[in-house]
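Please look through the sequence and the structure shown here before reading on. The report is written for a reader who is new to protein models.

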Amino acid sequence: MHELTITTERHTQLIDITQQVRTAAAGAHGAAVLVYVPHTTAGLTINEHADPLVARDFETALERIAPEGWGWQHVEEGEENAPSHIRASLMGPQVLVPLRDGELALGTWQGIFFCELDGPRTRRVYVTVLQ
Amino acid sequence: MHELTITTERHTQLIDITQQVRTAAAGAHGAAVLVYVPHTTAGLTINEHADPLVARDFETALERIAPEGWGWQHVEEGEENAPSHIRASLMGPQVLVPLRDGELALGTWQGIFFCELDGPRTRRVYVTVLQ
Amino acid sequence: MHELTITTERHTQLIDITQQVRTAAAGAHGAAVLVYVPHTTAGLTINEHADPLVARDFETALERIAPEGWGWQHVEEGEENAPSHIRASLMGPQVLVPLRDGELALGTWQGIFFCELDGPRTRRVYVTVLQ
């Protein structure tokens, strides 16, 4: 299992980590690569990384789909970050990409995104090769 | 493949099944544990299980994101449970957690939640170790 | 890795691909089947395929949860298809189904759906057996 460290800069921020995952999985012999986030206010998704505006649209959308002001019950360190938890689970804690000839079988436009939903923070991501 | 049985008590209810998954996977030699729900109105997610109010917030949020009253077409046994199906897929039918030294590599605050979205019912969950 | 080709007919359309996945995975010796979409405006989910109205409800719901008209920034080929990207990630790029006695361990009502979110198009789906 490889461990990546991601430093985020904004409250809600999608960060392209495709190259870091590719490096962590380089030379692996297996059928798929599991990327996993051990946090509860961050997630992972796969989507377009050619146009950076797609990531910006995700940030806006996640804040609208599970908005502040829904009368959340969970309060953390004096701060209401409940919607961050929901947004994280809407994206999901993991992605799994098949390997083809030892390479991630990502589509032409696909990149792997770390989804920060309660930043800025320093985060970890695990990369595991499955057979 | 191990099979867990979960009994739910409310229409929408997140239940922490971390310990049951841990027990099912104990002593396993592998790279990751797949947890899978063979139901269409239930899902799985990983999120904070330290504060039980996080689970309560999920229940409220899922009922608001895919609400009753959107003019759903699917009717089951005289009951409109269409949004339960959507909510289940928003969480997803499976989670996959890497193993490290034979233990689930969950983050400090992470727990695995069964998401009941059309209860109360008796449900099954499959636990499979991947290499 | 097997590759399926899916032809879609509508802008937003869930298509039951259970039988194609089953055929692609037939005779496989493994623990689970990974189904993966190499596109950024399409996803996968598992849900009820007995009543085709469930799929129709998903189409309506996804278009309402991430609607047109939120002032999206991403524009593609003169067309605002940003919400298609969000909807794709809400469903997710992959599903993973455990195998039991060489068969997909789907629940009684479960089918695997390809989720077209920016059609009509010709799409690919990868099917990989994991150990």
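This is a predicted model: local features need pLDDT of at least 70, side-chain atom pairs count only at pLDDT 80 or more; totals for chains, interfaces and linings use all residues.

## How the copies are related

Two copies of a chain are related by a rotation about an axis and a shift along it. For chain C and chain A, the rotation is 120° and the shift along the axis is 0.0 Å, and the superposition has an RMSD of 0.0 Å. That is the relation of a three-fold axis.

Chain B is laid on chain A by a turn of 120° with a shift of 0.0 Å along the axis, again with an RMSD of 0.0 Å. The surfaces used by the two copies are different, as 19% of the contact residues of chain B recur in chain A.

## The interface of chain C and chain A

Chain C brings 29 residues into contact with 32 residues of chain A. About 2,500 Å² is buried between these two chains, and carbon and sulfur atoms give 61% of that area.

Which elements of chain C supply at least two residues each to the side that touches chain A? They are β3 (32–36), α3 (82–91), β5 (94–100) and β8 (122–130) of chain C. Of the side of chain C that touches chain A, α3(C) gives the most, with six residues.

## The interface of chain B and chain A

In this contact, 32 residues come from chain B and 29 residues from chain A. The area that chain B and chain A bury between them is about 2,500 Å², with 61% of it on carbon and sulfur atoms. Zero salt bridges are found by the rule across the interface of chain B and chain A. The count of residue pairs in polar contact between chain B and chain A is 13, with both residues at pLDDT 80 or more.

On the side of chain B that touches chain A, at least two residues each come from β4 (42–48), α2 (52–65), α3 and β5 (94–100) of chain B. The largest share of that side, eight residues, is supplied by α2(B).

## Helix α3

Is helix α3 of chain A buried or exposed? Ten of the ten residues of helix α3 (residues 82–91) of chain A are buried, so the helix is largely enclosed by the rest of the structure. Among the buried residues of α3(A) are A:H85, A:R87 and A:S89, along with A:I86 and A:L90. Just after α3(A) comes A:G92, which takes a positive phi of about 105°.

In chain B, helix α3 (residues 82–91) is mostly covered, with ten of its ten residues buried. The buried residues of α3(B) include B:P83, B:S84, B:H85 and B:M91. B:G92 follows α3(B), and its phi is positive, near 105°.

## The nonpolar core

How many residues does the largest nonpolar core have? It has 54 residues, and those with the most contacts inside it are A:I65, B:I65 and C:I65.

Leaving out residues up to four places away in sequence, B:I65 touches residues of three chains: A:I65, A:W70, A:I86 and A:L90, then B:W70 and B:L90, and also C:I65. Two of these, A:I86 and A:L90, are among the buried residues of α3(A).

## Salt bridges

Over all chains, the rule gives a count of 15 salt bridges. One of them joins A:E116 and A:R123, whose closest N and O atoms are 2.8 Å apart. Both A:E116 and A:R123 are buried. In chain B, a salt bridge joins B:E116 and B:R123, with the closest N and O atoms 2.8 Å apart. B:E116 counts as buried because its relative accessibility is 0%. B:R123 is buried too, with a relative accessible area of 3%.

In chain C, the side chains of C:R56 and C:E59 meet in a salt bridge of 2.9 Å, N to O. C:R56 and C:E59 are three residues apart in helix α2 (residues 52–65) of chain C, so about one helical turn separates them. C:R56 counts as partly exposed, at 25% relative accessibility, whereas C:E59 is buried, with a relative accessible area of 7%. In chain A, salt bridges that share partners join A:R10, A:R56 and A:E59 into one network.

How values were computed:
Residues are numbered from 1 along each chain as its sequence is written. Chains are lettered from A and ligands numbered from 1 in the order in which they are written. Side-chain values use heavy atoms; hydrogens and water are left out. A nonpolar core is a set of buried Ala, Val, Leu, Ile, Met, Phe, Trp, Tyr and Cys residues joined through side-chain atoms within 4.5 Å. Buried means under 20% relative accessible area, exposed over 50%, partly exposed in between (1.4 Å probe, protein chains only). Contact means heavy atoms within 4.5 Å. Copies are superposed by least squares on the C-alpha atoms of residues with pLDDT of at least 70 in both. Buried area is the accessible area (1.4 Å probe) that two parts lose on being put together, summed over both. Helices (H or I, at least four residues) and strands (E, at least two) are DSSP runs, numbered from the N terminus. A salt bridge is a side-chain nitrogen of Lys or Arg within 4 Å of a carboxyl oxygen of Asp or Glu. A polar contact is a pair of N or O atoms within 3.5 Å; within protein, one must be able to donate a hydrogen and the other to accept it, and residues adjacent in sequence count only if both atoms are side-chain atoms.
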